[in-house]
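These are my notes on a structure that I had not examined before. I began with the overall fold and then turned to one pair of elements.

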Amino acid sequence: FPSKVFKPSLDWGYSFWLGTVSAALFLLLIVSGLPLLFLYVPSVERAYQSVKDIEYVVTYGWWIRAAHRIGAHLMVVAVVLHLVRVFLTGAYKNGVGQGQQREWNWVIGVVMLMLTLFLSFTGYLLPWDQLAYWAVTVGTNIASSVPFVGPDVRELLIGGRTIEQATLIRFYVLHVILLPGALGVLFAYHMWRIRKDGGLARADGVAVLAA
């Protein structure tokens, strides 16, 4: 928080602390994902069996995987609700302070939502079971329907024309390195921008809410 903050913006009923909840869930996903990173095998021949080993052979593996999976679902919900709250309270609008860039920070928040959704999507393929395979098939086919660039986007995502080993490797690298890294950098900038803009709420916005 900045050195001076408007007290009403710290009330639980204003923000429901959804940003903090989202950040805490992101941290939970990183912590729970680290042991899975060492236990999971990104191979079309061994991926499914490695997930089963995590569930039934590794000590507390079922608990770690459940925490990771449920945390991912909750993070999507929390981030969506966070953006809804910011929109409904008008916290994305610039206030009376100098040099505010709240609208730009809103754009960053939307990008972070897209990354969160894509993180969830890339993680869905990793168990390499029938449910995951066909979900990714449907998702990449939807991507291919985008005018002009759709087919190229699909081939870029799956590493060819069919879903196979190249697809699994690409989704694995996206899920454990590129997307979390990008989300972490944007999160740090997002929080710094909130501090520079004077906190969670605009001065005039808080006054209106208080009235």
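Before counting, I settled the terms: helices are DSSP runs of H or I with at least four residues, strands are runs of E with at least two, and both are numbered from the N terminus. I also noted that the model is predicted.

**Entry 1: overall fold.** I looked up the secondary structure and found nine helices and zero strands in the protein. Read along the sequence, the pattern is α-α-α-α-α-α-α-α-α.

**Entry 2: extent and surface.** I recorded the box filled by the C-alpha atoms, which is roughly 60 × 50 × 25 Å along the principal axes. The protein has 211 residues, and 38% of them count as buried.

**Entry 3: contacts along the chain.** I considered the contacts with a separation of 6 or more; residues 24 or more positions apart account for 69% of them.

Entry 4: How do α4 and α5 pack? I found that helix α4 (residues 61–89) and helix α5 (residues 102–125) pack at an angle of about 160°, with their axes 10 Å apart. Angles over 145 degrees count as roughly antiparallel, and α4 and α5 are therefore roughly antiparallel to each other. I recorded the crossing of α4 past α5 as left-handed.

**Entry 5: residues of that contact.** Which residues of α4 and α5 meet? On the α4 side I listed M75, V76, V79, V80, L83, V86 and F87. On the α5 side they meet W106, G109, V110, L113, T116, L117 and S120. I sorted the residues of this contact into eleven nonpolar, three polar and no charged.

Methods:
Residues numbered from 1 in each chain as written. Predicted model: local features only at pLDDT ≥ 70, side-chain atom pairs only at ≥ 80, totals over all residues. Heavy atoms only, no water. Axes fitted to C-alpha atoms, helices over the stretch in contact; angles between N-to-C directions. Parallel < 35°, antiparallel > 145°, perpendicular 65-115°, else oblique. Left-handed = near helix turned anticlockwise from the far one by under 90°. Contact = heavy atoms within 4.5 Å. Nonpolar A, V, L, I, M, F, W, Y, C, P; charged D, E, K, R; others polar. Buried < 20%, exposed > 50% of the residue type's maximum accessible area, 1.4 Å probe, protein only.
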